[in-house]
Amino acid sequence: MLNLSFLAIFSFIFTLNTLVFVHSSYSKPPSCDSSKGCSCDPGFWGKQCQFCRLRFTSDTGIISDGPKNYFESSKCSWLIETSRSNSTIELDLEQFATECSWDHLYIYGGNSIHAPLLGTLSGLIRDQSILEVAQEPIKRLRINSNTAWLYFYSDANYVLTGFNIKYRVTRDCSSQCNNHGHCGSHGNCICDQGWTGPSCTIASCLMSCLSGVCNNVTRQCEGCNHGFTGPSCNVTLGSGYWTHVPANNQEVMKGRASHAASLIGDWIWVYGGYAMDNTPFNNLIRYHVSQNKWEVVVPNVSSLLPRQRYGHSMIVVNDTIVVFGGIVDKKTVSELWMFDIRTRQWTQVSVSAESDNLIAVSGHTATLVDNKMVVIFGYGPKEGYTQRVQVFDLEKMSWKQYNFSSLLVQATFGHSSAYDPVSGMIYIHGGYRATLSNNAEISSDLYVYMPSKNKWLILPSSGYPRFLHSSVLLGNLLLVFGGNTHNDTSEALKKTRCYSPDLMLFDTRCNTWTNVPLTKSLSSQAARFGHSAVEANGTMYVIGGFQGTMLGDILQYTTGDCSAHVNKTSCLHAYTKYGCVRTIDTHKCIGPLNADLIKANNLEKPACSANPGKCSMHKNCNQCTSSIFQCSWCGKQCINSTDNCSRKKVTEENQCPKSSLIISGLCPDKDKSSGICAHTVCNDYSTCKTCTGNDKCMWCESQRKCVGLNAYVVSFPYGQCHEWTKDKCADVSCEGRKTCQDCHTLPGCGWCDDGSGTGLGQCMPGGDNGPFSPGGKNSSVVSNQCLPKLNKKRWFFIECPACQCNGHSTCDDEQKCKQCLDNTNGSHCQTCAPGYFGDPTNGGKCQACKCNGHGSVCNHETGVCDCRTKGVAGDNCQLCSRQKGFYGNASNGGHCYYNLTSGYLFTFNLNGTTGVSFLNVPKKDDIDVDFKISISGNDALVNITYKTGSSSEQSFKLAKRIGKYEYSFKHDEYNFGGSSKFTFFVYVYGITGNCVVEISFSQLTPFMLLRFFLTFFGCFFSILIITFIAWKIKIRYSNYVMRRQRIVELHQMANRPSSTLKLLLEKDTDFDNNSASQKIPIAVQPFARETVAIATVMIRLPSLSDGITPIGQSGLCLGSVLIDRSHYHMPSLCHVKSSNKKADKRKDEETTRCV
């Protein structure tokens, strides 16, 4: 029996006796010519040596993709075989890093792809250059067979560092060791973990007990010293821990993924699941928690059994198991089955006629709520990622559907769900979903669905996208484990793992996330996706899953024992990781399950931290108003409900504005051509040709299935698709391969030589033993189609025949083609000779290029011609290039003409062409036509012809070799213009090398001297008179403007404020004693809002030495000055003079003068 298992190797030493090196590197050697490709090592070929097929017969060796990164679109196969019987081949993955979900290494336990598939490796497993997986232990894969077939395929996207695998052939001791160990160097059994004894028949604990004793039933340590617990008494009491459970009757639980599990009493029931051999399970098995054993559930012999399936859901109602949906025979179904555990009877349920139309889905979840099964989302052919929640009433046996806007929640595949019966909420996390741009992404969102209210709540995202993971609820703790975390082909996230070992906790009371680290000894074994999980007695049980191989083991996570935390501080500190709370009355620390049984006012819990700014993470109204943080929508942003909003607040989700960007409802046929529904039409295609005709689809040949571009990962999550194509169907089928090397790029194909020694043959499905019979499903079915002839081998699965001339030549002693016949060329006569096209491989024919006389060379594969006549276009030079101005009919040697407009000189660079044709149609019948042509560079021949109406062309110049030529065609000799459509034709041909042509046709009116002078002087004097008149008008207008301006100025001056000022100067007035700061104006005229003014001041002129002014002068003058009045205050100038006379009886007499 063939099997494959993973072993974690923490210290691994062995010596390679014989080291077999494969191709040293996929990187292009320095001597590579970019046009001719590389000189590859034996067994390798391709422009970058990216293809290979090799055979290893040594007992030890290395399989590697080279020291550098492998190339995109690489395809390599290796056959390891040994002549020793009862052998085991061990593979040690010293390094493995490929693109997750797209670049796979397939491992078969035999010599063809029809042997049992044992492993599909992808993603980051171990790589010392990548920090995240640098310290991972080396994994060992053991193949109990004397042959192993390995096939590596990478797609056209990015690559990682590749792989380095050591192999060795050892003795097969699986029977001797009861399938629980392998042979040592001396033939003794080396038992697997959890087994002991000479023949590995005694069950034991996985690890030695540090204290206590091993219980051989539970296979865990019991009676640990005080303060310790765990599988080997190595965990401090009060801490959570993981246990890898070696169950009894483990062979019952064969490795599987995308199965379903439910808890009934002390039993965990498991149904269905995907197997590595592409055959799902339909058996029902169960695991007894306390007895640690598996057993098969045998249904009633009269019971109708459901078909094999995976990706389905399962719930338990009383004593009945309900199974819904999934993938059956590669098709998504909507079947509903029930199994009565008392009668062991299966029944397919017929639903009520009043039910809504059921949507077939897989990758969904189902939850029992108040005697109703709530089915959330999933992927199916009708709607793709459906936005529907489908509810099945178990009493009425009817379905009801609810559709939701994608602006609120986005439908996912492979999400997880957990139900809280206290609050009535279903917690949904993660999943794989489509985007509006027809791409896909992994979600890290967390939602709550309340079936009783048909309402959603938005919770904080975990920040760690994943799908095909699991979750269970322990009191207020949501435990999320594992999953595929690689975000498709995103360059930024390409170093995330395919198989995650992460455990995340979500506190449903405080709405916070916490990560729980795994121990290094368990992380490599725990990492997986596609598993299932259930909660039993406060412990999470993880069953099966996928980690490159299908797993059938059990992991269990036990939260910390809260009773070990005796004081308040320790108890409340353990709340975050284990949900511990303290009772107020008894002062006991209890776990989350016990806390649900006590009134909330009798529990002491740590305060939740504030969540400021959480509302801002919501980007649309629907999610904002459904947030758990009580948010409101204000304009275009989400704010706290207590914050002010300048606009009207939206507080309810049904008040949000409607949007056209809503993914909901069915996808009618008319809507499948584009947009979010485009990929669903791919499910309707059944052939590669129809599938690849739609650019939204891709064809998987190994599964014979067409899927949408954004549905590849959900359709083949376990590497089921060995190779896909979007355009070339011949690339993925044996029948489409026409040479031995091309045939060997497909892992399931071999070459049957016809025996002629010329390389002719046929690519056929087969293995190392020979071709398969049509419809053969395993490697033992070998046909007799390719038996040896004349003792010559004809079947080539690893190597190719020495002579490869495609039937067009035989080979010399060095196995080189002697002479390629049949118009072929190339080192293997694999291309057509110049002037011919076709596919000469495997006896194909080459035919002459069909270029309509405008070229003699074409593409040797497609026949697309190299048109050498200027202005000629089309694959066969049958069209005229209208966008370049050429018109005509190029077929059958016809011409494409460029219409030369009269009166212009045209220049044409004819480099790379052999000819060009022109035409000209004269428009005037009374003017001569002047023709000029100049040809520079290499020589060329010219034909000049003409024709009238529908008559045939008349020759003027034929085969004339000219450099420059001019001629005038007289209008009285030729019938130009009018209705005759007289046309000139010029043919330039026989061009070799570079050539530039200048050509023109013109019809110019004769030059008349008298008419010219009369016209010239008449125009001149007319312009002169017009100019003089315009000048006079301008002068008169300028004078008018000046007069008007003067009148305005005089008017303004007349309106200025004015007054008469009398200045009295007394004889004894002393001006000399006034300082500069005391000069006072005698008048002030304010302007501009009185902030500035013109002041008038009196100025004393210089006098003679005796103080007398010169004759004729007064000695005084007046001056003006501009002053700033904002800071100026004019004081009064007053002179007071007392009289010498006696005082008046009433008062003294004084004389006062002020300015």
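Visitor: Is Q703 buried or exposed, and what is its relative accessible area?
Guide: Buried means under 20% relative accessible area, exposed over 50%, and partly exposed in between, using a 1.4 Å probe and protein chains only. Q703 therefore counts as buried, with a relative accessible area of 8%.

Visitor: What kind of model is this?
Guide: This is a predicted model, where local features need pLDDT of at least 70, side-chain atom pairs count only at pLDDT 80 or more, and totals for chains, interfaces and linings use all residues. Residues are numbered from 1 along each chain as its sequence is written, and side-chain values use heavy atoms, leaving out hydrogens and water.

Visitor: Which residues does Q703 touch?
Guide: Contact means heavy atoms within 4.5 Å. Not counting residues up to four places away in sequence, Q703 touches N278, K330, F716 and Q720.

Visitor: How many aromatic pairs does the structure hold?
Guide: Rings of Phe, Tyr and Trp (its six-membered ring) pair if their centres lie within 6.5 Å. By that rule, the structure holds aromatic pairs numbering 62.

Visitor: Why is the pair of F506 and W513 called tilted?
Guide: Planes under 30 degrees apart count as stacked, over 60 as edge-to-face and the rest as tilted. The ring centres of F506 and W513 are 5.0 Å apart and their planes stand at 50°, so the pair is tilted.

Visitor: Which ring does the charged end of R53 sit over?
Guide: A charge sits over a ring if NZ of Lys or CZ of Arg is within 6 Å of the ring centre and within 35 degrees of the ring normal. The charged end of R53 is 4.8 Å from the centre of its ring, that of F797.
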